[in-house]
Amino acid sequence: AAPNEKRNMKISALPLSLLVALPSYTSAASCLASLTRFNLAFRGRCRYDDVLGRIADEVAKTEACEGVTAENELIALLGVTTVEGAQGKVYSMCEGLFQAEKADEFLPFPDISEQGPQFDKQYYDGNTYWNEQYETNVENRVPYLKNEAANRLDIDAANVEDVYDGIAKSGGIQFPGGLSNFQDDDGNICDLRAVMCCWASDRQANDNNGNCAKAYDTNCVDADPGDNTDICYVDMSRSGGSAHVDAGFALYPGDNNDGEGSVHCHGFAWSQDEQHHTSRFFGNNLFFVSMYDHMSQRGYVRNIPGAPMCGCVEKMPVVTRSDCTQVDVSEVFSIDYAGTDIEFSRVPGYLKIAFNACQGLGANNNLEEYYKRLERNGHATAEELARLQTYIVGNNNCPSATASFVETMGFEYI
């Protein structure tokens, strides 16, 4: 089904335990039900406060609702007896809508490359021709076309541009949670709800990013991305499915030419609230950060040895910092009533997804600072933030982080 196709989800009964021993507000019939049928659209989120606000607007202008509060009217429409019951019913209805939408309308992630999940796994490990090739004019190039280069990224990964233009900004993309790069030890999606990519190479010229330049066969063979971080170390035991070893580590005691060379890291994070837009559209954010913005637009490819190119932050190299992208979403929902049935739906054509630099507490375009904002606003816990900061340790903190890690390995850091 098309990403913007309208989804309907009817209310479902709440567990009896939610309704017992709670104060009753009203048993009156709905005043808006006198309209027999209505569709009340509103821009915002599918959540109790926004639904209540739209009901309030309608109650205020409906003669039959004189003297009725919006809260009591919503309770009556939903067929419950308490505010808590109404809050639970709205949450349940929104969850049903979102789950059906994700299953039926979101683009399956393997459909982007059209080469299956194994290709996607290898891509996110830093392999496949998307990562390993660069544009070339060598005489034995394949295919050989006179005066035309081979291994052109805009041709080999043309689907990426198509998905960005046609789906990513106006429809959902499923997150590839089946890939081990994006699973915790229990097989669940990233425990800290944060993903980071780190690139070690640049394969595309003339995009004002990295130092790949024409002629490709002389100036892009071993080109570097724009440097934005310092790698402290890689613990290969945390990403065995990508490193293909059970254990091992690599230390990078210096930076740039004295350390790992130029490396670029960029990530994103999402809320612990599964109905928050950052959680609903984190598949879109993964696509944008990895395939569109950095590979297609900048030509950034390849992984840091011993680590995946992209994965849960817990599986990635320990670094000083990372850039960050957030999704900002605008959508329109509708409260649909007919007879005795009430439904929520998302109005087609109004979903707009924008990809912007993360707005953090102390700095923007910074994954750690964005996570601090998530914690401040109740979308992550203080304990989760502290754990994230063991993987993104802050500028100039590599020596202490590396020393602590080496000691856990039974060595002394000199």
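## Overall picture

Of the contacts in the chain with a separation of 6 or more, 72% are accounted for by residues 24 or more positions apart, where contact means heavy atoms within 4.5 Å. The model is a predicted one, in which local features need pLDDT of at least 70 and side-chain atom pairs count only at pLDDT 80 or more, while totals for chains, interfaces and linings use all residues. Residues are numbered from 1 along each chain as its sequence is written, and side-chain values use heavy atoms, with hydrogens and water left out.

The secondary structure of the chain comes to 15 helices and 14 strands; these are DSSP runs numbered from the N terminus, with helices (H or I) of at least four residues and strands (E) of at least two. Taken along the principal axes, the C-alpha atoms of the chain fill a box of roughly 80 × 60 × 35 Å. Of the 414 residues of the chain, 52% count as buried, a word that stands for under 20% relative accessible area, with exposed meaning over 50% and partly exposed lying in between (1.4 Å probe, protein chains only).

## Helix 2 against helix 3

Two packed helices are described by the angle between their axes and the distance between the axes. For helix 2 (residues 70-78) and helix 3 (residues 83-104), the axes come within 9 Å and cross at roughly 60°, which makes helix 2 oblique to helix 3. The axes here are lines fitted to C-alpha atoms, for helices over the stretch in contact, and angles run from 0 to 180 degrees between N-to-C directions. Angles under 35 degrees count as roughly parallel, over 145 as roughly antiparallel, 65 to 115 as roughly perpendicular, and the rest as oblique.

On the side of helix 2 the contact is made by Glu71, Ile75 and Leu78, and on the side of helix 3 by Val83, Ala86, Lys89, Val90 and Met93. By class, this contact of helix 2 with helix 3 has 6 nonpolar, no polar and 2 charged residues; Ala, Val, Leu, Ile, Met, Phe, Trp, Tyr, Cys and Pro count as nonpolar, Asp, Glu, Lys and Arg as charged, and the others, Gly among them, as polar.

Helix 5 (residues 116-124) has Gly116, Phe119, Asp120, Lys121, Tyr123 and Tyr124 as its buried residues. What covers these buried residues includes helix 4 (110-113), helix 6 (129-132), helix 10 (240-243), helix 12 (282-296) and strand 9 (310-312). Just after helix 5, glycine 126 takes a positive phi of about 100°.

Helix 5 and helix 12 pack at an angle of about 65°, with their axes 13 Å apart, and they are therefore roughly perpendicular to each other. Their crossing is left-handed, and the contact is made by Asp120, Tyr123 and Tyr124 of helix 5 together with Leu286, Ser290, Met291 and Met295 of helix 12. The residues of this contact divide into 5 nonpolar, 1 polar and 1 charged.

## Salt bridges

The structure holds 17 salt bridges, each being a side-chain nitrogen of Lys or Arg within 4 Å of a carboxyl oxygen of Asp or Glu. One of them joins the side chains of aspartate 125 and lysine 121 (3.3 Å, N to O), and both aspartate 125 and lysine 121 are buried. Another joins arginine 47 and aspartate 50 (3.1 Å, N to O); here arginine 47 is partly exposed, with a relative accessible area of 35%, while aspartate 50, at 18% relative accessibility, counts as buried.

The side chains of arginine 387 and aspartate 191 also meet in a salt bridge (2.8 Å, N to O). This pair links distant parts of the chain, 196 residues apart, with arginine 387 in helix 14 (residues 382-388) and aspartate 191 in the loop between helix 8 (158-168) and strand 3 (194-199). Arginine 387 is partly exposed at a relative accessible area of 26%, and aspartate 191 is partly exposed at 35%. Elsewhere, a network of salt bridges links Glu101, Glu105, Arg280, Glu331 and Arg346.

## Aspartate 235

Aspartate 235 has its place in strand 5 (residues 231-235) and is buried, with a relative accessible area of 11%. Leaving aside its neighbours within four places in sequence, aspartate 235 is in contact with Gly248, Phe249 and Phe405. Aspartate 235 and glycine 306 are 71 residues apart in sequence and, from C-alpha to C-alpha, 7.6 Å apart in space.

Terms used: A crossing is left-handed if the near helix is turned anticlockwise from the far one by less than a right angle, and right-handed if clockwise.
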